[in-house]
Amino acid sequence: MTERATHAHNLFNLLRLVAACQVLLVHGLNHLSYVGVLVDLLKFIPGVPVFFFISGLLIHQAYQRSRPQGLTAFFRNRALRIFPALWLVVLASALMLFAVGYLDSAQ
């Protein structure tokens, strides 16, 4: 089996999604002042440490794969993967602030 085929069958992204959803739900339910068994169960799962541990593992694997090309290639690949989405979110957030009129009321 090739390296690409092996990479496509891991569940790390699914585990990161579950951990991120746990954090989102706990923060949302706390913000809405919801108390109950559901919140207690969700707090039992350590979402933030799981998310960062798996993310660190995946970044280390990406570094190991790009090691023959050098550290510059690794950081270039990271920037090309992260910055387009980051700029898109910043632009969408700014457009949403204009659309709802928040910036007009902030003066």
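The model is predicted, so local features are reported only at pLDDT of at least 70 and side-chain atom pairs only at pLDDT 80 or more, whereas totals for chains, interfaces and linings use all residues. Residues are numbered from 1 along each chain as its sequence is written, and side-chain values rest on heavy atoms, with hydrogens and water left out.

## Overall make-up

The protein chain holds six helices and zero strands, where helices (H or I, at least four residues) and strands (E, at least two) are DSSP runs numbered from the N terminus. Read from the N terminus, the order of elements is α-α-α-α-α-α. Of the 107 residues of the chain, 14% count as buried; buried means under 20% relative accessible area, exposed means over 50%, and partly exposed lies in between, with a 1.4 Å probe and protein chains only. The chain exposes about 8,900 Å², of which carbon and sulfur atoms supply 72%, the areas coming from the Shrake-Rupley method with a 1.4 Å probe and, for residues, with only the protein chains shown counting as cover. Among contacts (heavy atoms within 4.5 Å) between residues at least 6 apart in sequence, 50% join residues at least 24 apart.

## Helix α5 and its cover

Helix α5 spans residues 71–99, 29 residues in total, and reaches 42 Å from its first C-alpha to its last, close to the 42 Å expected at 1.5 Å a residue; the expected span is 1.5 Å times one less than the number of residues. The helix bends by about 25 degrees at Ile-82, and a proline, Pro-84, follows within four residues. Here the bend is the angle between axes fitted to the seven residues ending at a position and the seven starting there. Ala-73, Phe-74 and Arg-78 are buried in α5, and the cover over the buried residues of this helix includes α4 (47–66). After α5 comes Gly-101, whose phi is positive, near 80 degrees.

Ser-66 lies in α4 and counts as buried because its relative accessibility is 5%; leaving out residues up to four places away in sequence, Ser-66 touches Phe-74 and Asn-77. Ser-55 also has its place in α4 and is likewise buried, at 10% relative accessibility. The side chain of Ser-55 makes a polar contact with the side chain of Arg-16 at 3.3 Å. A polar contact is a pair of N or O atoms within 3.5 Å; within protein, one must be able to donate a hydrogen and the other to accept it, and residues adjacent in sequence count only if both atoms are side-chain atoms.

## Aromatic pairs

A pair of aromatic rings is described by the distance of the centres and the angle of the planes. Rings of Phe, Tyr and Trp (its six-membered ring) pair if their centres lie within 6.5 Å, and planes under 30 degrees apart count as stacked, over 60 as edge-to-face and the rest as tilted. A search of the whole structure finds three aromatic pairs, among them the two in this table.

| Pair | Centre to centre | Angle between planes | Class |
|---|---|---|---|
| Phe-51 and Phe-52 | 5.7 Å | 80 degrees | edge-to-face |
| Phe-74 and Phe-75 | 5.3 Å | 65 degrees | edge-to-face |

Phe-51 counts as partly exposed at 28% relative accessibility, while Phe-52 is exposed, with a relative accessible area of 55%. Phe-74, by contrast, is buried at 8% relative accessibility. Ring pairs also link Tyr-63, Phe-74 and Phe-75 into a cluster.

Neighbours within four places in sequence aside, Val-23 is in contact with Gly-47 and Val-48. Asp-40 belongs to helix α3 (residues 37–44) and is exposed, with a relative accessible area of 53%.

The loop between α2 (12–31) and α3 holds Ser-33, which counts as exposed at 59% relative accessibility. The phi of Ser-33 is near 60 degrees, a positive value in a residue other than glycine.
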